[in-house]
Amino acid sequence: MTETAELKKIIEPIVEDLKVFQDEFELALKSEVRLINIIARYLLRHKGKAIRPVLTILSARVSGSPTLNSYKAAAMVELLHLATLMHDDVVDETNERRGFPTINKIWRNKTAIIMGDFVLSQVLTNLIHLRDFDALDLISDTAKRLSSGEMLQIEGSFKKSMSEEIYFKMVKDKTASLIATCCELGVITTSKDKYHKTAARDYGEKLGMAFQIKDDLFDILGATKDTGKDTNADVSKNIITLPIIHTMSSSLSTVERRQLRKTLSNGAKRKDVNRLKEIVFEYGGFDYAKKKLQEFSDQAVSALSPFPDSPYKRSMIDLCLYNVQRTR
């Protein structure tokens, strides 16, 4: 089964729910400003897999029946994700995402930043419409954690080193916090069952950790045509990923350690990156990252145990396997 077919199978139980989400999402992107609408149409035309809203709705379904707030929350998390991507693309000087030019590449940095700010303002608007203090508290804390995670990553790039402990803290904030929030919001807007809320949050956090580790592997091992984004982008910007962290903690020779630091300092020159791959492979960096990827995926599946069996729970389990096997 192809990845597209596998993802289609995963979302099959909530196809009608996703239509309601899509209406809320498109409504939130509308504006009286022509340029905003032009950029919004471009974003909608080249949208991603919508994994975060899918998780919000699946979490709502395993805990009860979605409400209008569930769909608004799904739109809100996708808006927050979209805003952070636009800002990240400016900071990282990214020119391509999902195989298409980024907003900053087409309309320049200033426009991309302001568009990101507009989308963030729509998140605030949706928050007010939810009229739910639990959701408000959760989203505001997540927004803070997203920024903290980015700063930890930048700090690590300055130092050209990062401990595994700091790395996992960074990933929990930068990536896993939003995915965990998606899942928790699904329960909050449905039943507020505290056991279900905790289980959904734990599932989302572990899945988020697994997602980031998979992306770490893509950065060194993937190809642009497969991933839809710049390969070795993290290496070229001194961003420390799990395979490299594990390798640097190994008993490298002085020459090999110097080679790793040189590659992280000089950017993704082909000969340097090829040598980096060889060193990381030799010292088990890729195998270690794959092991951690499977561990977090297994923990995510285990976190779902409080929920009764259903097609929605099955889809959440299948998402863990999908992430392990995805090629982009």
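Leaving aside neighbours within four places in sequence, which residues is Glu 205 in contact with?

1. Basis. This is a predicted model, in which local features need pLDDT of at least 70 and side-chain atom pairs count only at pLDDT 80 or more, while totals for chains, interfaces and linings use all residues. Residues are numbered from 1 along each chain as its sequence is written, and side-chain values use heavy atoms, with hydrogens and water left out.

2. Glu 205. This residue lies in helix α9 (residues 194-221); helices are DSSP runs of H or I with at least four residues, strands are runs of E with at least two, and both are numbered from the N terminus. Beyond the neighbours within four places, Glu 205 is in contact with Lys 172, Ala 176 and Ala 180, contact meaning heavy atoms within 4.5 Å. Glu 205 is buried, at a relative accessible area of 19%; buried means under 20%, exposed over 50% and partly exposed in between, with a 1.4 Å probe and protein chains only.

3. Helix α6. The 28 residues of α6 (residues 103-130) place its end C-alpha atoms only 29 Å apart, short of the 40 Å that a straight helix would reach at 1.5 Å a residue; that expected span is 1.5 Å times one less than the number of residues. A kink of about 100 degrees is centred on Asn 109, the bend being the angle between axes fitted to the seven residues ending there and the seven starting there. Arg 131, which follows α6, has a positive phi near 50 degrees.

4. Whole chain. The protein chain has 16 helices and two strands. Of its 328 residues, 52% count as buried.
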